[in-house]
Amino acid sequence: MIFSKELGAALRESLETDDRVVLIGEDIIDPYGGAFKVTRGLSTDFPERVRTTPISEGAIAGISAGLALAGMRPIAEVMFGDFITLCFDQVVNHITKYEAMYNGQATCPVVFRVPSGGHRGYGPTHSQSLEKHFLGVPHLKVVAASLFHDPREAFRGFLEQNTPVLYIEHKLLYPQNLRLPEGGMVGDLMAVKHGSTIGLSAVPRNDCTATVLAYGYQAMLAAEVVERLAVEEEIFVELLVPAQLSPMDWTPVEESVRATGSLVTVEEGTGGWSWGTEIAAVMSEKAFGRLRRPISVVASERTVIPSSRAREAGMLVGTPQIETAILEAAK
Amino acid sequence: MTIAPTRIPRQRELQADPRTMGTPEEPRDLRLYRRMRFIRRFEETLLGLFDEGVLNGTTHACIGQEADAVGVIEHVEEGDHIFSNHRCHGHYLARTGDALGLMAEIMGKEAGVCGGIGGSQHVCAPGFMSNGVQGGIVPTAAGIALAMKLRGSDRVSVVFIGDGTLGEGAVYETLNIAALWDLPLLIVLEDNEWAQSTPTELNTAGSMRARFEAFGIPVTETTTTDVAELDALAGNEIAAVRTTGKTRVLLVHTYRLCHHSKSDDHRPEEEVALRWVTEPLAIARQRIAESQWQRIDAEVEAALAEVVATARALP
């Protein structure tokens with residue numbers, strides 16, 4: 001159950017079950033099959049509806065908008081998530097505007113697949129997690145893939161609703177095995193679903209001393225830390241992994257924080273004006289009397305992502321920063 | 001016919017008033033003149049309402065460019081799609097005849113065609129959309145054309161842009177893809193010589209025509225303000241897109257007789273005055289008996305007076 005293969009299978013299922021689905025993006029056709037090989041094989045079987053484009057991210061977004069307005073279901077691949085900036089006008093001033101500004105007379109359900117994230121030495125412009133610039137855009141859903149969420153279920157959901165979606169795929173998740181909850185467990189951790197948020201902990205929530213909120217690749221790292229701390233140090237925290245980052249489902253966070261009294265957020269994007277700071281603002285209000293310490297926001301340094309492996313590791317959030325923050329928050 | 005001043009359901013049937021839109025039986029030159037007169041008077045009425053303080057925000061009048069809207073849209077059929085821009089009233093009215101929905105929309109009333117949310121630049125009706133951001137509507141119209149192509153239909157997607165929009169990169173990304181993919185798209189470029197306050201010579205290097213031809217897209221170019229000529233040219237263009245399924249451009253060198261939006265006109269008075277001589281309604285009247293255009297003018301006037309009265313009374 002390798003994530004990139006399952007994701008490809010989810011796209012295949014979308015093409016098979018829904019004639020309106022069109023895949024559009026750069027270098028996505030066979031034999032290449034996309035920069036991360038997610039779409040490999042699909043253009044051979046669906047040549048009309050899997051379309052490779054010139055290097056024109058703005059037009060990819062705009063053409064997707066037109067397809068969606070005309071009743072199709074475009075799924076656009078943005079080769080490197082860094083290039084989503086070239087789609088920004090379409091997302092903010094076109095795609096997310098239509099339904100509301102036309103008073104419900106049109107819908108524009110474009111899905112963007114956005115391979116993101118660093119830790120691969122790709123340097124300043126091919127490693128970023130830029131989703132924070134899209135969080136809070138009205139009428140846009142920002143969803144993050146994780147190893148704990150089934151991509152098939154995600155795409156079935158996208159096709160059943162009409163809001164535009166940015167689907168963040170951290171590049172380091174592609175070769176990983178999915179860790180979907182089975183029998184209420186993920187490995188040695190108990191797994192509880194709260195809507196699309198998955199709670200992972202070694203002991204019941206009431207015995208946890210902190211809540212950790214993380215998504216994507218950082219959720220994978222956080223799960224490893226949570227597991228290790230439980231086994232080796234008998235420190236118990238609850239990890240919450242939401243699928244949807246914006247708008248947030250606050251209920252599971254509120255319920256967990258009510259029990260643990262402490263909250264850490266983890267994201268790979270650069271710090272400040274971010275997912276974590278918004279959560280800190282909202283949860284400070286919602287759980288003011290319940291928090292025994294300030295909310296801790298873990299994010300990457302506010303600079304470019306170095307190409308050098310060593311310098312990149314120091315700049316981006318990784319296991320050491322997560323562990324330090326959890327140890328502090330669990331006290 | 002009087003439209004009762006009641007709340008209009010959001011997705012109502014758009015009723016075309018024969019006094020403003022004419023009928024299929026009416027001789028073509030009369031109907032085309034009538035529609036242009038309707039658009040002209042709608043825009044002039046709006047400008048008056050702005051001065052009166054009834055309207056919020058801004059508006060971009062297409063006075064002087066009515067023949068483009070009417071001539072092209074005469075050939076737009078059921079199932080075809082039009083994407084327009086900030087200067088969209090003429091296109092919208094030529095397509096739908098829905099003066100009340102647009103007037104109410106610009107007045108910010110709930111009965112407006114987009115519930116008062118979209119306003120002057122963002123309107124939507126079956127087969128019609130507009131957006132006030134430049135450039136991005138071109139790939140969107142191409143996407144609509146791609147949907148038509150994938151469905152195997154012979155429908156056509158039409159997008160109206162202006163000379164100023166040629167500054168946007170999204171246009172060229174789209175021309176490339178539209179040509180590569182053979183999309184049934186007609187781009188109507190209304191070159192009105194001024195991008196807001198900036199004349200074409202400060203905006204546009206080289207040739208407008210060659211921009212499209214570089215992508216292998218055929219261009220039909222005209223300087224006419226005669227709706228009969230535009231009617232014929234547009235008829236050929238839309239038919240060609242429909243039969244070949246390929247992108248084409250109709251490049252119309254026209255002129256905007258009013259300010260860009262409101263109170264922002266610094267063009268030389270002599271330049272504007274000269275263009276009033278060849279404005280489309282004056283040209284069209286030369287083909288029609290005076291008694292006929294006077295009758296049409298009176299009918300349009302009466303219909304618009306009702307629209308304004310009805311719209312004013314709306315909650």
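Predicted model: local features only at pLDDT ≥ 70, side-chain atom pairs only at ≥ 80, totals over all residues.
**Where the chains meet**

- On the contact count, 32 residues of chain B touch 32 residues of chain A.
- On the side of chain B that touches chain A, the elements giving two or more residues are β3, α6 and α7 (169–181) of chain B.
- Helix α6(B) gives the largest share of that side, with nine residues.

**The chain B sheet**

- Chain B has an open sheet of seven strands with mixed pairing, and the order runs β2-β3-β1-β4-β5-β9-β8.
- At its edges sit β2 (124–125) and β8 (219–222) of chain B, each of them pairing on one side only.
- Further in, β1 (residues 81–84) and β3 (residues 128–130) of chain B pair in the parallel sense over three bridges.
- If you want a spot to look at, B:Ile82 has B:Phe128 in β3(B) as its bridge partner.
- Helix α6 (residues 137–150) of chain B packs on this sheet, where it touches β1, β4 (157–162) and β5 (185–191) of chain B.
- The direction of α6(B) makes about 170 degrees with that of β4(B).

**The chain A sheet**

- Chain A has an open sheet too, with seven strands in the order β7-β8-β9-β11-β10-β13-β14 and mixed pairing.
- Its edge strands are β7 (185–186) and β14 (296–300) of chain A, and each pairs on one side only.
- Strands β10 (residues 211–214) and β13 (residues 263–270) of chain A pair in the parallel sense over four bridges.
- Within that pairing, A:Leu213 finds its bridge partner in A:Thr265 of β13(A).
- Helix α7 (residues 216–233) of chain A lies across β7, β8 (189–194), β9 (197–201), β10, β11 (238–242) and β13 of chain A.
- That helix, α7(A), runs at about 165 degrees to β11(A).

**The annotated span in chain A**

- An unreviewed UniProt entry lists residues 1–176 of chain A as "domain: Transketolase-like pyrimidine-binding".
- In the model, residues 1–176 of chain A are 30% helix and 18% strand, and the end C-alpha atoms of the span lie 8 Å apart.

Methods
Residues numbered from 1 in each chain as written. Chains lettered and ligands numbered in written order. Heavy atoms only, no water. UniProt positions renumbered as here; feature names shortened; annotations may be inferred. Pairing = 2+ DSSP bridges. Contact = heavy atoms within 4.5 Å. Axes fitted to C-alpha atoms, helices over the stretch in contact; angles between N-to-C directions.
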